Amino acid sequence: DIIKEVVDSKYTVFDVLPHFFVHQDPWVSLAALEVYTRRAYRAYQLKTIEYVTENDAPYVLAWDFALRKVGESEFGLPIESSHPSTPGTPSDGGFGRVHSISDMSYLSRQNTGSGEPTRRGAVVPVTYIDDADEHLMKALENFPVAGQTSGERKQSSGLMADLSKRRAPPTEKPQSNDELTAVCNVAVRDAESLDDKEILQRLTPIVEEYKEELLARRVRRLTFICGHKDGTYPGYYTFRGPTYEEDSSIRHIEPALAFQLELGRLSKFHIKPVFTENRNIHMYEAFGKDAPNDKRYFTRAVVRPGRLREDISTAEYMISEADRLMTDILDAMEIVGNNNSDMNHIFINFSAVFPMAPQEVEEALAGFLDRFGRRAWRLRVTGAEIRIICTDSNGMPYPLRVIINNTSGFIIQVELYEERKSDKGNQWLFHSIGGNTKIGSMHLRPVSTPYENKGALQPKRYKAHIMGTQYVYDFPELFRQAIENSWKAIVAQHPALKDKQPVQGECIEYSELVVDDSDNLAEVNREPGTNTIGMVGWLITAKTPEYPRGRRFIIVANDITFKIGSFGPQEDRFFHKCSELARKLGIPRIYLSANSGARIGMAEELIPHFSVAWRDESRPEAGFEYLYLTPEKKQRFEDGSVKSVITEEINVNGEVRHKITTIVGAEDGLGVECLKGSGLIAGATSRAYEDIFTLTLVTCRSVGIGAYLVRLGQRAIQIEGQPIILTGAPAINKLLGREVYTSNLQLGGTQIMYKNGVSHMTANDDFAGVSKIVSWLSFVPDKKGNPVPISPSADSWDREITFFPPQKQPYDVRHLIAGQETEDGFLSGLFDRNSFEEALGGWARTVVVGRARLGGIPMGVIGVETRSIENVTPADPANPDSMEQVSMEAGGVWYPNSAFKTAQAIRDFNNGEQLPLMILANWRGFSGGQRDMYNEVLKYGSYIVDALVHYEQPIFVYIPPFGELRGGSWVVVDPTINPQMMEMYADQDSRGGVLEPEGIVGIKFRKERQLETMARLDATYGDLKRRSLQQGLSAEEQQDIKNKMTERENLLLPVYLQIALQYADMHDRAGRMKAKETIRAPLQWAQARRYFYWRLRRRLNEEYVIKRISTAQPKELFSRANSLKTVEAWSGLPRFSSDDMAVAMWYEENRKTISDKIEAMKSDAIAYDVAALMRSNKQGGLKGVAQVLGMLPVAEKEEVLKWLQKA
């Protein structure tokens, strides 16, 4: 039992054991060897252990072992158990200990018998290396000489016989490596040195001397276990037959353990061990044999079961062990450092049997990824393998392997395999049983398959990752993952949508866009990384929760690994074509920006060939006149019509020279042509923004034209740490002549670009950025001109709004829009809960803009911050005198920046997104101070009007409770700006007017008028006033009355000022706005959601119908008012103008009828057009009719002629 305790201990015991290998009590020595052997051979089944004690000490320990049977029940054999107590007896529950079946050379043996052959091992303890020479034979005697059967094992007595035997000629050499089965160990107590070279110099001669004998005895490997007297971990040196040379790949590893670490799978690499503090972790630095620049670290560990407390569940134990080990492994990797390695790999082998099903294992490991994913990725760990033995429903153990790969940083592939023995041979193969791919990549491949060297893409991936972005071809997978996540989120809210959810991995299909020979875009499916230009595009069809049948969009992206992502003429043409295709199809265009601006270059081919005309041949320092080519050299660059250099011929002292005047260069893309291309794509992006939905993800630096494309596409999401710049910091430093800027982020990081409104949103990493793109797309129609996408909403339209803004106090307007979480629960806002997504949040923070949903219908939202905001202008490092400036901006006032932001947001919602708009108008006016007037507040205020004039979707301007809209701020959002689209509403508690009551009272109801009112209403004061006007009062009486009046005025004026303010305020109420027809209706805040939901639903349907009518009618005959009357007549509804719910339902229920009526209008319109043409040009019109008649079949022609005769 004590031995069992030590064998099972989860502590490293190998560093203590060598002390006991040679002990004055030989039995202690044997006990130490037994613990050692049992512990080392857990991967095997130990059948017997013998103490060979006939001769003098040192005694030899010998054992018989076979490869462990795992799940042999599949092949009709009982499972043999091996508990460490007594080999071969059945175990008593608890953990069984089944281990690696990966003694590779043994697996490949095509063994015909059902069981594994029994093998034999022996170990002899010696004090020093030199003693091994004489005692090695003691161990070897335990193996039969080849040709004898094990029963005839000769027992010799004494050393003399040994020596004579050693010199006897070996009987018969084994035929093949496979027949070598024996294992011989020499346990050295003190190697007397820590230097590998020195120890090997002493070991090699001993091995050489015994070589023949080792072969004769069929020794497969000879291992020296070299202890050190200071108690450090022993060294291991293993010599493998039949050559018996040292196997350096497993130096310092117990060979039986090497099988458990599956080191055979590293055969495609040169590996050398890296020593770590923790001896249970084995780390190797590996270089690919065929790819020397493929450097990686393999870290491998075996988890021994230890003694399990009764009260801990299997899964918990497995998770905690794996966690502990993983932390240790990552700690060890941190210490070793990354050292430019990539694709590092971790392998953990559990030696215990877990009574768990594969699903449980998968669930247990799910949290594992969340906990270690980021740290592992930082250490460039791209693969992890965990091997554990599970039991099936009958309690039969079988090996299960979980392989986790993450080459791109965000897309994690989990594959589950069961290891099964093949029916034909003895090979163990992987069988895919789950994970997130249909069939794992290792399915039906041998368990011993070596790890592959880096693929062609990995160096490019590594290059991209070093720059902080994804490799361009990994992006479509990020979109797949983000769309799957959006499905998971919506199905969690609406389980009914589960039927529409696409099969995992099938939510997105894409084909790459390539320019074909005829210079058109073609869709192809080609291998990633085969691009020949630095720009890649895809046409993607994504099945999203809003469009389960699929929506299309185009992605165009720079490949930063190709000529550092610069824009050359070919890249520009490709980008332009993708942009135009998106416009032609009317679908969104997403640009993934990672570039270095326009390409620069020189004609490399000329550099080795030009000559220089010196002023003075003997003194080159005097300078030169010109560059020229000799006639022979000139000949090389004259290739028919292609002229890569332009020269003029001159004659110098009889020598003909071709003076170089212009270098054109053979290659395209060295200079101005790249700028021309940049102009092409700048124009294309600007047009695309006006036409379709454009969005840019700044996934790596964006320089020069790259930065302009970000701005021209307007909507931008910037990844933290990736700058948007025109010129790099080093170039500006050069220009300034000193080190001013330390990095590009100082010029264009998120702290600049998010704060000034170039970037609408920021994200911490590429996956978060892609997720924001997918979320943004969910608000946008699938195609230009289509209705907005309605999402299922968990928040019913039929509810009251429970968040009420406080009166005359600042509050967060986001609560008005989206609701507020309080201690007493959630107070709901106007829009659906959790649907509001703010944009431009870093810039001009006195206005809040974003997108939200109202009963599932997407809308653009503009709200007004009521709190005061600090606006910080950073100091410029290039100007030593500049300082950071902090200015306060009051809430409810438009400043130049917030007016610009409002106009920008309106344009974004209108162009490409086609969203209806809600403006929660609560402005007191524009800021008219000197600085703001200088900063163009007038210009930006008028931009708001420009943007509203061109708006093509319904706009609701709503003055919220206790909000106010006054002066210039009313003017720029008044519905008359765009009467067809805009409607204005005011809350019953809101106010609107030219000036605030205080202002108007100061002009129209001053103190004199307040005193007149006082004289009229207050008897005492009225009486005093009358008396003061009487004739013939003495001076004292007059003074007395005056004093009394002053006293009364002082007492009552504050009240009368309030009366005046109240009177002025009554002019600003919603009732007056309605009476003067400046608003459509006053509303109650609590009911506003219900009202706007149906109003919006009706308006969207109505606009769609009216747009179709306008296309069906001739332009000059179309009038919106008439069309609405026509639709009202079709509907026959009594309260068509006011009953939004009934009208909305009528539009939705009678789509077919409406459509047929519009078709009928269309044929009338065509008749009108033809008639108009005939009237304007009779001759040409009749000619056209004759042509058409000539093309018609006979029967139709006769019908037409009958019509004409009737007419």
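1. Gln470 sits in the loop that joins α11 (457-466) to α12 (475-493). The model is predicted. With a relative accessibility of 5%, Gln470 counts as buried, because the cut-off for buried is under 20%.

2. Beyond its neighbours within four places in sequence, Gln470 contacts Ser408, Gly409, Phe410, Ala464, His465, Phe475, Leu478, Thr699 and Asp766.

3. Eight strands form an open sheet of mixed pairing, ordered β8-β9-β10-β11-β12-β13-β14-β15. The edges are β8 (269-274) and β15 (428-435); each has a single partner strand, so one side of each lacks a neighbour in the sheet. On average, neighbouring strands of this sheet are turned by 25° against each other, direction ignored.

4. The pairing of β14 (residues 413-421) with β15 is antiparallel and runs over 7 bridges. Arg420 has Leu429 of β15 as its bridge partner.

5. Helix α10 (residues 358-378) lies across β12 (381-391), β13 (397-405), β14 and β15. Its direction is at about 155° to β12.

6. Helices α26 (residues 997-1004) and α29 (residues 1035-1065) pack with their axes 9 Å apart, at an angle of about 110°. The pair is therefore roughly perpendicular, since angles of 65 to 115 degrees fall in that class. On the α26 side the contact is made by Pro997, Glu998, Ile1000 and Val1001; α29 contributes Leu1057, Ala1060, Leu1061, Ala1064 and Asp1065. Of the residues in this contact, 7 are nonpolar, 2 are charged and none is polar.

Note on methods: Residues numbered from 1 in each chain as written. Predicted model: local features only at pLDDT ≥ 70, side-chain atom pairs only at ≥ 80, totals over all residues. Heavy atoms only, no water. Axes fitted to C-alpha atoms, helices over the stretch in contact; angles between N-to-C directions. Helix = DSSP H or I, 4+ residues; strand = E, 2+ residues; numbered from the N terminus. Parallel < 35°, antiparallel > 145°, perpendicular 65-115°, else oblique. Contact = heavy atoms within 4.5 Å. Nonpolar A, V, L, I, M, F, W, Y, C, P; charged D, E, K, R; others polar. Buried < 20%, exposed > 50% of the residue type's maximum accessible area, 1.4 Å probe, protein only. Pairing = 2+ DSSP bridges.
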